[in-house]
Amino acid sequence: MSDRHFDELATRFAEKIYGGAKGAIRLAVLQADLAEALPDRPLRVLDVGAGLGHMSLWLAQRGHQITLAEPAEPMLEGARQRFAEAGQNATFLQAPWQDLLGQLQEPFDLVLCHAVLEWLAEPAAILPVLHQLTAKNGWLSLAFYNKDALIYRNLLKGHFRKLRKEHFAGEKQSLTPQQPVDPRELATQLAADWQVESRSGVRVFHDYMPQQFQAKAKLIDLLEMELAHRRHPSFEGLGRYLHWICRPR
Ligand SMILES: C[S@@+](CC[C@H](N)C(=O)[O-])C[C@H]1O[C@@H](n2cnc3c(N)ncnc32)[C@H](O)[C@@H]1O
């Protein structure tokens with residue numbers, strides 16, 4: 001297995017998903033968590049696997065200085081356009097995480113790594129690199145596709161054969177990640193170098209709603225309820241993605 005750099009097709013899918021309610025909830029949760037955690041001063045930010053740059057653009061608009069690193073040209077091009085349309089500047093690097101230590105000299109105040117781990121052949125291998133890229137008193141914002149939520153969705157759908165076979169990876173060209181992340185395994189891998197400061201679930205109920213209720217719900221209500229329940233002790237771990245803000249030890 002190798003890392004999945006997004007091609008044209010994946011870029012189009014990603015644009016579609018980010019444009020809907022799922023994308024809006026995702027951004028609202030990530031933004032609320034970061035707004036709460038970050039100080040009120042301009043930060044040097046690195047977005048690893050930045051994709052179309054949605055989160056970076058939001059940070060740029062708040063006065064932070066952004067570097068986007070992304071190996072896939074169609075995704076990086078989408079990000080360039082989004083920044084240009086918004087009249088924002090940034091540094092755009094076409095590079096996978098494996099090349100970053102060779103290209104970047106100084107560590108960053110804030111490193112984003114959102115929805116990338118689950119597309120990597122060896123997700124654990126990126127963690128020491130993220131640690132070196134993050135300043136000693138900095139932050140790592142880590143969001144990943146939650147294996148527990150995938151198991152729960154399969155339980156709800158009665159996909160028991162799939163569960164027995166532990167068949168969780170998406171098909172080759174699909175936009176279902178190739179390696180859903182086990183949160184307990186990740187917590188163990190992080191423990192030596194990072195303190196996890198906050199944990200939220202991204203979409204703790206929306207994706208489980210019966211379709212007729214999902215279709216009827218207003219986005220404004222979905223956002224309010226997802227934000228209100230993102231850290232509920234029984235629901236946080238059901239988020240389709242989990243967002244952890246980590247500080248280096
Ligand atoms: C689901 S997208 C997430 C994009 C963005 N971070 C976001 O949250 O909107 C996953 C991204 O990881 C990128 N990716 C895949 N392998 C990578 C690698 N080795 N280094 C950095 N990024 C990688 C893909 O090209 C894709 O743009």
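In the predicted model, the second largest pocket is lined by Leu117, Pro123, Ala124, Lys147, Gln178, Gln179, Pro180, Val181, Asp182, Glu185, Leu186 and Gln189. The space within this pocket amounts to about 190 Å³. Helix 9, which spans residues 183-190, gives the most to the lining, with 3 residues.

Among the lining residues is Gln178, which is placed in the loop between helix 8 and helix 9. Gln178 has a relative accessibility of 16% and therefore counts as buried, the limit for that class being under 20%. The side chain of Gln178 makes polar contacts with the backbone of two residues: the backbone oxygen of Trp119 is reached at 2.9 Å, and the backbone oxygen of Ser2 at 3.0 Å.

A nonpolar patch was also identified on the surface, formed by Tyr152, Leu155, Leu156 and Phe160. Together, these residues present about 380 Å² of accessible area. Helix 7, comprising residues 147-156, supplies the largest share of the patch, with 3 residues. Phe160, by contrast, is found in helix 8, which covers residues 160-164. The relative accessibility of Phe160 is 44%, so this residue counts as partly exposed; the class lies between the 20% limit for buried residues and the 50% limit for exposed ones.

Terms used
Residues numbered from 1 in each chain as written. Predicted model: local features only at pLDDT ≥ 70, side-chain atom pairs only at ≥ 80, totals over all residues. Heavy atoms only, no water. Patch = residues over 30% accessible without salt bridge, like charges linked within 9 Å, V, L, I, M, F, W, Y side chains within 5 Å. Areas by Shrake-Rupley, 256 points an atom, 1.4 Å probe, with all protein chains shown as cover. Salt bridge = Lys/Arg side-chain N within 4 Å of Asp/Glu carboxyl O. Helix = DSSP H or I, 4+ residues; strand = E, 2+ residues; numbered from the N terminus. Buried < 20%, exposed > 50% of the residue type's maximum accessible area, 1.4 Å probe, protein only. Polar contact = N/O pair within 3.5 Å; in protein donor to acceptor, adjacent residues only side chain to side chain. 1 Å grid on protein atoms, 1.4 Å probe; cavity = no way out; pocket = protein on both sides within 12 Å on 5 of 7 lines; lining within 4 Å. Points joined across faces, edges and corners; volume = space filled by probe spheres on them.
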